[in-house]
Amino acid sequence: MTKAIIIHETGGPEVLRWDEYDPGQPGRGEVLLRQEAVGLNFIDVYHRTGLYPLPSLPAIPGMEGAGVVEAVGEGVTEFIAGDRVAYAGLPPGAYAEVRIMLADRLVKLPESISTRQAASMMLQGMTARYLLHGCYHVTAGDRILIHAAAGGVGLIVCQWAKYIGATVIGTVGSSEKSDLAANHGCDHPILYRDDDFVQRVKEITQGEGVDVVYDSVGQSTFMESLDCLRPMGVMVSFGQSSGPIPPMATGILAARGSLFLTRPSLMAYTASRKDLLAHAQDLFDVVKKGAVKIEVRQTYPLAEASRAHRELEDRKTTGSTLLIP
């Protein structure tokens with residue numbers, strides 16, 4: 001019998017229980033995957049607390065992982081036993097030693113990318129891809145603002161945007177995180193606890209504002225993020241680590257310069273197999289070129305997922321974090 005982290009009720013990190021679990025055998029269109037690494041992401045916290053409700057309870061959380069195919073179900077032709085694969089997105093269930101996964105949600109890994117590296121970058125890296133090329137198509141000379149620049153998505157966005165030729169401004173919570181972001185392509189790290197980030201953005205852009213803001217923080221930064229944009233700039237709200245954003249009148253966007261606002265999700269941007277493969281391929285390409293370096297900065301045993309969640313919520317982690325089955 002294998003094991004998994006199972007949630008029987010929503011709540012704090014203590015609801016993450018290490019229990020026995022039988023994944024069963026793969027059905028039509030499915031793969032049995034023995035996982036070698038699982039990615040830790042803030043959406044896992046949202047699922048655990050019930051902010052983003054899971055389909056039913058008990059449930060296994062987790063949206064990202066990588067490992068080796070053990071068996072395939074009827075109709076699966078793209079994969080065979082022994083293939084190294086990775087995934088990010090629905091359905092949840094990554095916090096497990098072995099799991100059943102839909103074959104059309106898996107991506108085969110290039111030889112140069114390890115399963116640990118893949119599990120630490122698929123969700124965050126494909127998120128960075130749709131942020132930079134989907135929500136707003138960043139080109140050389142653009143100016144961007146990324147909140148949580150030293151986080152998992154933040155470090156990838158900083159590197160990728162710098163590779164494109166953009167000017168990268170990022171908010172961080174400490175001098176150590178400022179140095180980390182700067183070493184990963186952030187031209188102007190801003191210590192948001194010490195400085196008014198709106199004022200700093202205005203100074204850096206000579207009063208013009210940035211072309212796009214990427215905000216995963218939510219409640220505590222949302223309105224100020226709007227004030228950082230140039231007229232007809234794009235506000236991308238892709239998370240809410242500080243809490244949900246209160247309802248707002250759309251006239252606020254007009255008053256601040258005919259702004260655009262979007263609330264995207266990776267699941268929507270990679271819903272079709274074609275789009276999933278395009279996102280993964282673009283990510284693999286920049287990683288293989290060395291333009292984006294993926295660094296696993298923390299690892300925890302999967303059995304200690306509750307400790308990992310606590311440290312993630314306490315902002316003690318930087319970059320990518322793995323849970324190891």
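A disulfide is taken here as a pair of cysteine sulfur atoms within 2.5 Å. By this rule the count comes to zero. The structure is a predicted model, in which local features need pLDDT of at least 70, side-chain atom pairs count only at pLDDT 80 or more, and totals for chains, interfaces and linings use all residues. Residues are numbered from 1 along each chain as its sequence is written, and side-chain values use heavy atoms, with hydrogens and water left out.

Cys158 is in no disulfide; the nearest cysteine sulfur, that of Cys186, is 4.5 Å away. Cys158 is buried, at 0% relative accessibility (buried is under 20% relative accessible area, exposed over 50%, partly exposed in between; 1.4 Å probe, protein chains only). The sulfur of Cys228 has its closest cysteine sulfur in Cys186, at 13 Å, which is too far for a bond. Cys228 is likewise buried, at 0%.

A pocket is an open set of points where a 1.4 Å probe fits, with protein on both sides within 12 Å along at least five of seven lines; lining residues have an atom within 4 Å of a point. Grid points are joined across faces, edges and corners, and a volume is the space filled by probe spheres set on the points. The largest pocket has a volume of about 1,000 Å³. It is lined by 47 residues, of which Phe42, Ala148, Ser216, Phe238 and Ser241 are the closest to its centre. Elements giving two or more residues to this lining include helix H1 (42-49), helix H3 (122-135) and helix H4 (152-164). Helices (H or I, at least four residues) and strands (E, at least two) are DSSP runs, numbered from the N terminus. H3 gives the most, with four residues. The lining divides into 22 nonpolar, 20 polar and five charged residues.

Helix H5 (residues 175-182) has Lys177, Ser178, Leu180 and Ala181 as its buried residues. These cover an arc of only 165° around the axis, so they lie on the same side of H5. The arc is that of the directions from the helix axis to the C-beta atoms. Their cover includes H4, strand E10 (188-191) and strand E14 (296-301).

Thr2 is found in strand E1 (residues 2-7). Thr2 is buried, at 16% relative accessibility. Beyond its neighbours within four places in sequence, Thr2 is in contact (heavy atoms within 4.5 Å) with residues including Asp19, Tyr21, Arg34 and Glu97. Thr2 and Gln281 are 279 residues apart in sequence and 32 Å apart in space, C-alpha to C-alpha.

Technical notes
On a 1 Å grid over the protein atoms alone, a cavity is a set of points where a 1.4 Å probe fits but cannot get out, and a pocket is an open set with protein on both sides within 12 Å along at least five of seven lines; lining residues have an atom within 4 Å of a point. Ala, Val, Leu, Ile, Met, Phe, Trp, Tyr, Cys and Pro count as nonpolar, Asp, Glu, Lys and Arg as charged, and the others, Gly among them, as polar.
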